[in-house]
Amino acid sequence: ERWSPRAFVPGPIDEATLTRLFDAARWAPSCFNEQPWRFYTSTADTFDKYLALLVERNQVWAKDASVIGVLVGKTRFTKSDAGNDSYALDCGAAWMALALQARFEGLYTHGMAGIKKLEVAASLDLDPEREAVLMGFAIGRLGDKSKLDESLRERESPSPRKPLASIWNP
């Protein structure tokens, strides 16, 4: 049942529910248990700031989400300061754990590559030698697709997937 809608119903998500989503991400596997992910999310006071960090085509629909956030990966190991070649994979596992927990909670997520990465890094005062902006995301309750622009409405259903045989070679 996990897919990435664009139609959301505006409204808050309670703190206990959000805590469960990010706690699910916390339990994702990672190389050497580094847990190199950091999720930054909007609040009621910072929602417009986070919305402005998305490219315009994503701002159009994400304005109705409950939460907008970004996922940042730590590119170096904490203990050794060596480069962590698996940080992006580990962060992806954390994102998927969050997305699955959201569905369990009756919520939907939509990951986005369409973000202003340089502005995100500057806004969060990230260290480019140690941190990489990976993605943006929206979290919310499923809305009525008829309220979307016609071009978005046409795409508002789960995307088809490749045949299993094209991705799995037993």
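1. A residue counts as buried with under 20% relative accessible area, as exposed with over 50%, and as partly exposed in between (1.4 Å probe, protein chains only). By this scale Arg20 is partly exposed, because its relative accessibility is 38%. The structure is a predicted model, in which local features need pLDDT of at least 70 and side-chain atom pairs count only at pLDDT 80 or more, while totals for chains, interfaces and linings use all residues. Residues are numbered from 1 along each chain as its sequence is written, and side-chain values use heavy atoms, with hydrogens and water left out.

2. The salt bridges deserve attention at the outset. Seven are counted, under the rule that a side-chain nitrogen of Lys or Arg lies within 4 Å of a carboxyl oxygen of Asp or Glu. One of them joins Glu105 to Arg20, with 2.7 Å between the closest N and O atoms. This pair links distant parts of the chain, 85 residues apart: Arg20 belongs to helix α1 (residues 15-26), whereas Glu105 is in the loop between α4 (87-104) and β4 (108-112). Such helices (H or I, at least four residues) and strands (E, at least two) are DSSP runs, numbered from the N terminus. Glu105 is partly exposed, as its relative accessibility is 23%.

3. Another group of charged residues should be read together. Arg76, Asp81, Asp127 and Arg130 are linked in a network of salt bridges. How exposed is Arg76? Arg76 is partly exposed, with a relative accessible area of 29%. The figure for Asp81 is 33%, so Asp81 is partly exposed. Arg130, with 35%, is partly exposed, and Asp127 falls in the partly exposed class with a relative accessibility of 31%.

4. Most residues other than glycine have a negative phi. Asp81, however, has a positive phi near 65° and is not a glycine. Asp81 is placed in the loop between β3 (67-74) and α4. A further example is Asp125, which is not a glycine and has a positive phi of about 55°. Asp125 is in the loop between α5 (117-123) and β5 (131-142). Is Asp125 buried or exposed? Its relative accessible area is 68%, and therefore Asp125 is exposed.

5. Arg103 is a charged residue in helix α4. Arg103 is buried, because its relative accessibility is 16%. Which residues does Arg103 touch, not counting those up to four places away in sequence? They are Glu1, Arg2 and Tyr108, where contact means heavy atoms within 4.5 Å. With Tyr108 there is also a polar contact between the two side chains, at 3.4 Å. A polar contact is a pair of N or O atoms within 3.5 Å; within protein, one must be able to donate a hydrogen and the other to accept it, and residues adjacent in sequence count only if both atoms are side-chain atoms.

6. Glu156 may be considered next. Glu156 lies in the segment after α6 and is buried, since its relative accessibility is 6%. Leaving aside residues up to four places away in sequence, Glu156 touches Trp3, Pro5, Arg6, Ala7, Lys145 and Leu148. By contrast, Val133 is 23 residues from Glu156 in sequence, and their C-alpha atoms are 27 Å apart in space.

7. The segment after α6 (150-153) also holds Trp168. With a relative accessible area of 53%, Trp168 is exposed. Together with Leu164 and Ile167, Trp168 forms a nonpolar surface patch of about 370 Å² accessible area. Patches consist of residues with over 30% relative accessible area and no salt bridge, joined within 9 Å for like charges and within 5 Å for nonpolar side chains (Val, Leu, Ile, Met, Phe, Trp, Tyr). Accessible areas come from the Shrake-Rupley method with a 1.4 Å probe; for residues, only the protein chains shown count as cover.

8. The last point concerns cysteine. Zero disulfides are counted, a disulfide being a pair of cysteine sulfur atoms within 2.5 Å. Cys31 is partly exposed, with a relative accessible area of 28%, whereas Cys91 is buried, with 1%.
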